[in-house]
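Hello,

Here is the structure I promised to pass on. Please open it first, then read my notes below.

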Amino acid sequence: MQHSTDLPPIAPPDPALHAPGRRRAAGHPAHSRHALADSEPGIPAPVLAAAAAARKAMLVPVVTALAIGTIFVAVYLAAFHAPSAHHQPLGIAASDQVAARTELALNTADPSAYTFYRYPDAEAARQAIAHDEVPAALVADGHHLRLLAAGAQGPSTVSNLAAAVNQAVGHPVPIKDVRPLVAGDARGLSPFYAAFGVVLAGFLFAVSSYQIAPRLRLAARVASMMVFSAASGAAVALIAHTAMNALPASFFTVAVVVGLLAWATAAATGVMLRLFGPIGMPMASVVLLTFGNATSGGILPATFLPAWLSPLAQILAPAAAIRALRGAAYFHNAHLTAALLTMSAWVVGCLALQYVLDWVAARRAADPAPLHTAAVR
């Protein structure tokens, strides 16, 4: 005897109801659910679970990008919209009468624009220019004046000095370039472009390293930095020195300077991410990419920066690297040792700080603070 039933057939379970994101949303009120829906197949559940709420996801990128962009525009316009010299070195190898008249005229126009260095003859002035003591020198040849200049300082620097000297003397003075730029570096900007690219690469390296492995041991992170830095130095040296002849220093010198800059940038970005978490990335962007490159001296010498910006040119790694590259390429390795020490200090200081932070965090994890609970009597 057959029995029938009126129960409806059992439908197979809907896979969407058992998705991790759906289970999480079902237990929470609608207002607390993440706005990020699984509209793109294949997004991992942990990514969806960690997504920010709609308001935060909309506002934080706007505020961060706007702040970085505003600071970038403000700093660069403040530095370069109307640059003027501040204690710019200028040599003079002429009679006391000519020197005094020239100094008086320049000081009258702007009392703080120039710092004067006297030389006994043209050869002494030429040697000073060759070792980057002064970018130019006014030299007297009998009754005639000429301006010895280092074209390797860049066209903007030479033209600014020539215009000032012409105005002070009262007539055009012929210019003799005693340290010309090489053909592969026609505008004198190759050190700046090389440094800017490496700073950007070091910043991106550190950010991606922390995004991929935020809890990577410091020893492994340092090893990764070393590989990145060595590869960066070799790559830039091959491009700028060997392929394009844009940096006429030795291959080894270019590779070492660029590699050390890459390491200093990566270490500084890493320690900011370690210290400040999510806001470490925009902070590193402002410090290294904005202030670092604006004060590097790659576009104009630090003596043309505003007074509130020029001190950064003495301590930030990009400025040190550009001084080292330019000095090694054109000025008998002038500033090379000091620049290497500056960048090394950045590397060692940032890694030491990160080691201390990791050590403190490990101690806290191994010996958690005891819970303070009220005693039950």
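Strand E1, helix H4 (residues 96-109) and strand E2 (residues 114-118) form a right-handed β-α-β unit. Right-handed means that, with the strands pointing away from you, the path from the first strand over the helix to the second runs clockwise. Helices (H or I, at least four residues) and strands (E, at least two) are DSSP runs, numbered from the N terminus.

This is a predicted model: local features need pLDDT of at least 70, side-chain atom pairs count only at pLDDT 80 or more, and totals for chains, interfaces and linings use all residues. Residues are numbered from 1 along each chain as its sequence is written, and side-chain values use heavy atoms, leaving out hydrogens and water.

Now the pairing. Two strands pair if DSSP finds at least two bridges between them. E1 and E2 are parallel, with five bridges. Gln88 has Tyr114 as its bridge partner in E2. E1 (residues 88-93) also pairs with E3 (residues 136-141), again parallel, over three bridges. There, Gly91 partners Ala137. E3 and E4 (residues 144-149) run antiparallel, joined by six bridges. Ala136 stands opposite Ala149 in E4.

Next, Asn293. This residue sits in helix H10 (residues 280-294).

Best wishes
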